[in-house]
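User: Hello! I am new to this structure and would like to learn how to read its features. Could you walk me through them?

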Amino acid sequence: MKLVKRVIIATTLGFLTGLVCYWGMKSSGRVELTTAMMIGTILNRALIGFIIGISAWRIHYLLHGVIIGLIATLPMGVYPLVEGQIVGFVMFMVAGAVYGLIIELLTTKLFKAPIRKT
């Protein structure tokens, strides 16, 4: 039951951080956002939360969030890299790491749903 709680909390937090991330990109006005970009951004952050929720990788919880955030964001960050936009790639990756850290921190400490021990 604790795993189910952790998955639900982390995925919900991922979805919410996806909304925050999208809102931040939209309010900056630097990028013209399409519907696909909106959906992709929100679902990517929800995916980070889901992976954090199901993972039983026994490393420090903050490092856990950062690494999963980086790994899950990598496919999204490839597009700017292919287009020659190194800054866009770095921004995506940093954002993924930060959102992964935030999701893990809130899930573990605020909602008291730490990584399960196997």
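Analyst: Welcome! This is a predicted model, in which local features need pLDDT of at least 70, side-chain atom pairs count only at pLDDT 80 or more, and totals for chains, interfaces and linings use all residues. Residues are numbered from 1 along each chain as its sequence is written, and side-chain values use heavy atoms, with hydrogens and water left out.

User: Is Glu104 buried or exposed?

Analyst: The general idea is that buried means under 20% relative accessible area, exposed means over 50%, and partly exposed lies in between (1.4 Å probe, protein chains only). Glu104 has 0% relative accessibility, so Glu104 counts as buried. Glu104 is found in helix H4, residues 86-110. Helices are DSSP runs (H or I, at least four residues), numbered from the N terminus.

User: Which residues is Glu104 in contact with, leaving aside its neighbours within four places in sequence?

Analyst: Contact means heavy atoms within 4.5 Å. With those neighbours set aside, Glu104 is in contact with Arg6, Ile52, Tyr61, His64, Gly65 and Ile115.

User: And what does Ala10 touch, not counting residues up to four places away in sequence?

Analyst: On that count, Ala10 touches Gly49, Ile52, Gly53, Ile103 and Thr107. Ala10 lies in helix H1 and is buried because its relative accessible area is 0%. Along the chain, Ala10 and Glu104 are 94 residues apart, yet their C-alpha atoms are separated by 7.2 Å.

User: Now the surface, please. Which residues form the nonpolar patch?

Analyst: Patches are made of residues with over 30% relative accessible area and no salt bridge; like charges are joined within 9 Å, and nonpolar side chains (Val, Leu, Ile, Met, Phe, Trp, Tyr) within 5 Å. A salt bridge is a side-chain nitrogen of Lys or Arg within 4 Å of a carboxyl oxygen of Asp or Glu. Here the nonpolar patch is formed by Leu81, Ile86, Val90, Val94, Val98 and Ile102, with about 460 Å² of accessible area together. Its largest share, five residues, comes from H4. Val98, in helix H4, is partly exposed because its relative accessible area is 40%.

User: Which residues form the positive patch?

Analyst: Lys and Arg count as positive, with the place of a charge taken as NZ of Lys or CZ of Arg. The positive surface patch consists of Lys2, Lys5, Lys109 and Lys112. Lys5 sits in helix H1, residues 2-28, and counts as partly exposed because its relative accessibility is 40%. Lys112 is in the segment after H4 and is exposed because its relative accessible area is 63%. Although Lys112 is not a glycine, it has a positive phi of about 50°.

Note on methods:
Accessible areas come from the Shrake-Rupley method with a 1.4 Å probe; for residues, only the protein chains shown count as cover. Helices (H or I, at least four residues) and strands (E, at least two) are DSSP runs, numbered from the N terminus.
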